[in-house]
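Reader: I am new to reading protein models. Could you take me through one, feature by feature?

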Amino acid sequence: MDNASYHYAYAEKIPSTKTKKADTVAWLLIENIPHNATETRPELLNIVKKHKEKYRAYELDQIVYEMRHQVNKDTPKEVVMAIIPQMIDICVVNIWRAHQSANPNNKLLLLDFRRRIVLFYLSKEIGSVPKRRGPQQRYTD
């Protein structure tokens, strides 16, 4: 399952600062949370804040639980890290195809093309700064 926003809709609407006092009191009553109905709205919201993590459940998780399935919710970092090698591979294949069409007499296998790329990057000095292309200007005081 991806991290689409509709996968993270809450099953139950928990009172927030935009909720009316009467609705907050009603929610506290339904959830059997001890409170005093004469308390101010900010005081009631503090009570909600203390208890809301117990009631925070995603709608989709409840549906999946009822169907007795297990869901793997990948974090965005894990998803991106899985996609990056595939994207690099696609780029290498596209560059190889462009090289093949530009040089029809030079038939180079994809594996050899990959080896050349690796050897190119291995031959570079670690920490070297690439030379600037284009006209060079000297600054004088």
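Reader: Which residues form a nonpolar patch on the surface?

Author: First, the ground rules. This is a predicted model: local features need pLDDT of at least 70, side-chain atom pairs count only at pLDDT 80 or more, and totals for chains, interfaces and linings use all residues. Residues are numbered from 1 along each chain as its sequence is written, and side-chain values use heavy atoms, leaving out hydrogens and water.

Author: Now the idea. A patch takes residues with over 30% relative accessible area and no salt bridge; nonpolar side chains (Val, Leu, Ile, Met, Phe, Trp, Tyr) are joined within 5 Å, like charges within 9 Å. Areas come from the Shrake-Rupley method with a 1.4 Å probe, and for residues only the protein chains shown count as cover. Here the patch is Val80, Met81, Ile84 and Ile88, with about 360 Å² of accessible area together.

Reader: Is Met81 buried or exposed?

Author: Buried means under 20% relative accessible area, exposed over 50%, partly exposed in between (1.4 Å probe, protein chains only). Met81 has 53%, so Met81 is exposed. Met81 sits in helix H4. Helices (H or I, at least four residues) are DSSP runs, numbered from the N terminus.

Reader: Which residues are buried in H2?

Author: Leu44, Leu45, Ile47, Val48 and His51. Their cover includes helix H1 (21–30). Cover is read from contact, meaning heavy atoms within 4.5 Å.

Reader: Where does H2 bend?

Author: A bend is the angle between axes fitted to the seven residues ending at a residue and the seven starting there. H2 bends by about 35 degrees at Lys49.

Reader: How many salt bridges are there?

Author: A salt bridge puts a side-chain nitrogen of Lys or Arg within 4 Å of a carboxyl oxygen of Asp or Glu. The count is two. One joins the side chains of Arg114 and Asp89, at 2.6 Å from N to O. Arg114 lies in helix H5 (residues 110–123) and Asp89 in helix H4, so this pair ties together parts 25 residues apart in sequence.

Reader: What forms a salt bridge with Arg115?

Author: Start with the general rule. An α-helix has 3.6 residues a turn, so residues three or four places apart point the same way. Here the partner is Asp112, with the closest N and O atoms 3.2 Å apart. Asp112 and Arg115 both lie in H5, three residues apart, about one turn of the helix. Asp112 is partly exposed at 28% relative accessibility, and Arg115 is partly exposed at 47%.

Terms used:
Helices (H or I, at least four residues) and strands (E, at least two) are DSSP runs, numbered from the N terminus.
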